[in-house]
Amino acid sequence: MGLGISFIYFAIILFLAWIAGVLPFLKVFFTTVIPYVALVVFIVGVIARIIRWGRSPVPFRITTTCGQEKSLPWIRQNKLDNPSSWLGTLGRMLLEILFFRSLFRNTQAEFRGDRLVYSVDKWLWFFSLAFHWSFLIIFLRHFRFFTEPIPSFVTFLQNIDGFFQVGLPIIYITNILIVAGLLYLFLRRIFDSKVRIVSLPSDYFPLLLILGIAATGILMRYFFKTDLVAVKEFTVAILSFQSVSGDLINKLSPLFVIHFTFVCTLLIYFPMSKLMHLGGVFLSPTRNLANNNRMKRHINPWNYDVPVHTYEEYEDEFRDKMKAAGIPVEKEV
Ligand code: HEM
């Protein structure tokens, strides 16, 4: 059900983008109006969500603990899985963000006959990492279209990414990895019944959309050449808020318009989707706080004064009755 709906959304966007690629007046709209709408929605949407999350109160330390907490001096603390200092927390955050450390622990449960068996499953970690890193590198490599002169890190990344020098144009390793990663994440949701049952359109759609972006990009690079000089001129004009001439728009191939429209859709969809985990991972209190609960008493700052009845007062009040009933008391007075 979720898969079908996502396919329909994806097909509608693909159809509109394709029509825009061939109909001049729609092409102007899709290449000069939609990108600005997308940028504004993306920037405002992401900032609004981050501010909303940033304002949620976090009065207590609720860190995820996967190892020995700092305790008595002769008990060895697990400084990364249960950090008590900001340095340990930084290390844990970096390993989480750059290498998906918690996903590395992923296990899989399945019935073998009538026995429930748990096994190690590193594939999800591997393909997720491959996809995310490839996406980042591809995005950074695209700066050759966005800036003039081309920054030196772009050339560096291009050289590393095309290291094997296979094919002409040289096949980028990230092009293979991003497609492999996305396909794994997508097919896993379809063929693993446990994952399928919890999957929603909002799980399938972003995968389809990013797969669409990668596929059209790959088609453009290896199979249907597009006018890259025109693309660069167009992108630089859009990003520097200059007008784009009709001639220039004519030079943009329909495949590029589809690629570009998918990217705009991604920008618009981003702030309202699960893709916001890009910002959320930094703000997650279960990860970004040191676990110093035993070293420091954390008091809820907006606790109001509550009239309390301490045990001492209680005993003073009921001592005679307690003694009479044979209940032990702390003070004999
Ligand atoms: C979410 C952002 C984007 C992603 C993930 C993405 C992905 C890709 C991929 C995987 C390729 C295949 C070749 C390569 O890896 O370089 C590609 C090619 C291409 N992309 Fe993108 N793209 C994005 C944004 C854009 C934008 C904003 C533009 C231009 C405004 C653009 C223009 C192009 C062009 C012209 C090519 C063909 C490159 C060539 O022939 O060498 N892309 N894209």
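In the predicted model, Phe241 occupies the loop between H12 and helix H13 (246-251). The backbone of Phe241 has a phi near 55°, a positive value in a residue other than glycine. With a relative accessible area of 65%, Phe241 is exposed. A positive phi, near 50°, is also found at Gln165, again in a residue other than glycine. Gln165 belongs to the loop between H8 and H9, and its relative accessibility of 60% places it in the exposed class.

Cis peptide bonds were identified in two loops. One of them joins Leu168 and Pro169, with omega at about -5°; Pro169 is part of the loop between H8 and helix H9 (173-191), where Gln165 is also found. Another cis peptide bond links Glu148 to Pro149, and here omega is about 0°. Pro149 lies in the loop between H7 and helix H8 (152-161).

In the case of Asn175, a polar side-chain atom is placed 2.7 Å from a ligand oxygen. For Arg144, an N or O atom of the side chain is 2.9 Å from an oxygen atom of the ligand, and for Arg221 the corresponding separation between a polar side-chain atom and a ligand oxygen is 3.2 Å.

The ligand contains an iron atom, which is coordinated by NE2 of His142 and NE2 of His259 at 2.0 to 2.1 Å. The iron site has six donor atoms, and with angles of 87 to 178° among them its geometry is octahedral. His142 is located in the loop between H6 and H7, whereas His259 belongs to helix H14, so the pair ties together parts of the chain that are 117 residues apart in sequence. For comparison, the ideal angles for six octahedral donors are 90 or 180 degrees. The two histidines fall into separate accessibility classes: His142 is partly exposed, at 24% relative accessibility, while His259 is buried, with a relative accessible area of 11%.

Helix H14, which carries His259, consists of 16 residues and spans 22 Å from its first C-alpha to its last, close to the 22 Å expected at 1.5 Å a residue. Twelve of these 16 residues are buried, and H14 is therefore largely enclosed by the rest of the structure. The buried positions include Leu255, Phe256, Val257, Ile258 and His259, together with Phe260, Thr261 and Phe262. Cys264, Thr265, Leu266 and Tyr269 are likewise buried in H14. Among them, Thr265, a residue of helix H14, has a relative accessible area of 16%, and with buried residues defined as those under 20%, it is assigned to the buried class. A polar atom of the Thr265 side chain lies 2.7 Å from the backbone oxygen of Thr261, another of the buried residues in H14.

The side chain of Asn82 takes part in contacts with Gly67 and Asn291. One polar atom of this side chain is 2.8 Å from the backbone oxygen of Gly67, and a polar contact of 2.7 Å joins the side chains of Asn82 and Asn291.

Key: Residues numbered from 1 in each chain as written. Predicted model: local features only at pLDDT ≥ 70, side-chain atom pairs only at ≥ 80, totals over all residues. Heavy atoms only, no water. Polar contact = N/O pair within 3.5 Å; in protein donor to acceptor, adjacent residues only side chain to side chain. Donors = N, O, S within 2.8 Å, 3.2 Å for Na, K, Ca; no water. Tetrahedral: all angles 85-135°; square planar, octahedral: opposite > 155°, others 65-115°. Helix = DSSP H or I, 4+ residues; strand = E, 2+ residues; numbered from the N terminus. Buried < 20%, exposed > 50% of the residue type's maximum accessible area, 1.4 Å probe, protein only. Expected span 1.5 Å × (residues − 1).
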